[in-house]
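I opened a new notebook page for this structure.

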Amino acid sequence: MAGMLAQLPLPLLPSGAAEIAPGVGLVTGDDGGGLVSVHGLATFAWDGGDEAGRRLAAVQLVRLRAVSQARAAAAFGVDPVTVWRWDQALAAGGVAGLVPARRGPKRASKLTPELAARIRELDAAGATLAEIAAATGVSTFSVRNALGRVAARGLPAAAGAAEDSAGLDAGGGEEGPGAAVPVLPDPVPRDDERALARWGLLGEGAVPVFTAGARYPLAGLLLALPALEDTGLLDAAKEVYGQLRDGFYGLTATLLTLVFLALAGEPRAEGATRVPPAALGRVLGLDRAPEVKTIRRKLGELASAGKAADLIMALARRHAAARPDTLGFLYVDGHARVYYGTRNVQKTHVARLKFPAPATMETWVTGQDGDPVFMVTAEPSDSLAGELRRLLPDLRAIAGQGRRVTVCFDRGGWSPALFADITAAGFDLLTWRKGPAPELPADTFTTITCADDRGRQHQYDLADTAVTLTIHDGPRKGQTVSLRQVSRRVPARGGGTRQIHALTSRTDLPAGEVCWRLTSRWREENYFRYARTHFALDALDSHTATPDDPDRKVPNPAKKTAAAQVRRTEILAAAAQAQRDASLAALRNPAPGQPVTITNQMINARPSRLPRTRRSGQGCGGHPGPDPARRARPGHDAPGSRGQADHPRHPDGRLQRGNRPRQGAGRPLRPRRRRSLRPHPRSPHRLRRHPARPRPAAHPARPPHRAPANPGTRRPLRPAQPSRKPLSRHRSRPALRSQTPPWHCMN
């Protein structure tokens, strides 16, 4: 525009005009009219109520390129998309296309005063909304509108309709506190706060604002707030994490969203797609709840802080302070979180699947009621015994000094060294005995009837004894641990009975309580099953993987198998030795008055040798050593016999065949003939490709071949002779006959 004038126009604006762009101003009146001034000239004007003229002014300013579309939209109070739609309507239908269409219903309302009175009569008679709608021929929304249960937007509900809907009133149908409550109110607009959060000016999160309503979707989730307050989740999270980055959704809103989604049956982040964001937002006091992308971003921010263990321990301390009576017996067990992705995750045995699978191990500690106290992620390939030893300081920090706590666990934590560590740390233990144990006599069992903590009666056949265990490894090697053993006799599957032994350091507990306390460990397993079904305990909401430590030591499975084979071999050898000693004792101690003659044949007939595969250590990764149960035979250690210790065929098998002893002492040994380095005359290697040539003087001469000192009866080797008639395919070409053959082709 400035290029069409002789001189630059002055940016003159009328009084009271708002500048849209340089030289362009907008003046609005109280009646809705307005005036657009361009460089001091009144260009567009419209009266109050002339919506088509107002829209035309906005479109023309954009078409003249006096202002941009965004500035025109901001000046006229609309979105840029709206200005674009006005432009399309002007191009399609002219100025008539800018005339706004009539709002509201396009025909007369069916809800006449007579029909409204009929609806109120049916409602007073106790009919439902659906029955009233079917009887009057209108929709249920019209029925609620006639009854005054839908307030007009921006206007309060009618007083007469409020009296009819007395069930929705907070008072007696009067103005103020007794006014009707809308059924489903619209949330408070939070556009300004979202705009501030987009630029990082809002702070940690938006403040929740609730509006009164008669019926809220998902309002039942609010009933969980008192229980959530008792757990201390929100306070512990603020104590550990402080706050998240500035944004619209803060730490409290994020945690409440996760808890409400889990209670609504959608424990994973993807479950937010199946819950209406507006409905969940009303429960949170916001216009809408965060969706999947925002939830994952918030979870990633929490995970990057690396304070998950601190949060779990803070919750455990609050649980111990709120419910100290449940810490008398703590159940410890491992849980395998199975991994079904494509990453290379170490395999571990999963008990519920009954085979190894990629998984991560977790160690859970629950109270005597089965409620979780805390959880830690176990090291790969670490046993329950190792995890228990590592958790003892944390258990003492949670339970407090001086409090008597009994740690209950299954056979996975069997270790006499661990039992000594538990008792030394001030804890009591309760577990099952692992491995073979001697059977108790039948007369030591007594039938006992007892009641558990829930009043249920139990009847057991028990025997109460003591046992001493020896520690075979670790820094406590050689020490012993004395524990109380409560044995229970139960029917066996194949008939008869079998004995189950429980070990504990508690001598004050009745024998019946020892049994039902240990069997109550299944409460922890029941929690795992429930949480896996309803709370997606094994689900992973993060797709981030952390590489394993390459320097971490892991057990060698081959060594473990070999050690087990060696132990079984030793047990079999000891059993054979015991049987042999018993047989010899029976021979040497006959009945009084009965003469017995013991011969070598009778001793050799005693079953004392093990199978050859067991004696030689087959399958155990190494030789187990000499057989301690091998019987002695006459002449076993005679020189030159197989029983001699240095004979190469001795069962120990540790000498080489080169150490075979001489068969005759007076016969001299012949020296071994040295092997000739020259090939045999009939060998194909003698067929040379090139004729022999004299060896250069610099190369040392080959020493003459010496005959062996003691040739014996062997036929001497024939002297090497060149082939008289080599094959035609080995003849060299004429161009190559004068060339010197390479060194590696000469002898």
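**Burial and overall build**

I looked up burial first: 32% of the 747 residues in the protein chain are buried, meaning under 20% relative accessible area with a 1.4 Å probe, protein chains only. The model is predicted, so to speak of local features pLDDT must be at least 70, side-chain atom pairs need 80 or more, and totals for chains, interfaces and linings use all residues. Numbering starts from 1 along each chain as its sequence is written, and side-chain values use heavy atoms, without hydrogens and water.

I then listed 21 helices and 14 strands, taken as DSSP runs (helices H or I, at least four residues; strands E, at least two) numbered from the N terminus.

**A helix pair**

I picked helix H11 (residues 251-263) and helix H13 (residues 292-304). Their axes lie 11 Å apart at an angle of about 115 degrees; axes are lines fitted to C-alpha atoms over the stretch in contact, and angles run from 0 to 180 degrees between N-to-C directions. Leu258 and Leu261 of H11 are among the residues making the contact, and H13 brings residues including Ile295 and Leu302. Contact is heavy atoms within 4.5 Å.

**The cores**

Which residues touch the most other members of the largest nonpolar core? I found Phe374, Leu395, Phe409 and Leu483, out of 34 residues. Such a core joins buried Ala, Val, Leu, Ile, Met, Phe, Trp, Tyr and Cys residues through side-chain atoms within 4.5 Å. H15 gives the most to this core, 8 residues. I noted another core apart from it, with 33 residues, including Ala197 and Leu311.

Terms used:
Buried < 20%, exposed > 50% of the residue type's maximum accessible area, 1.4 Å probe, protein only.
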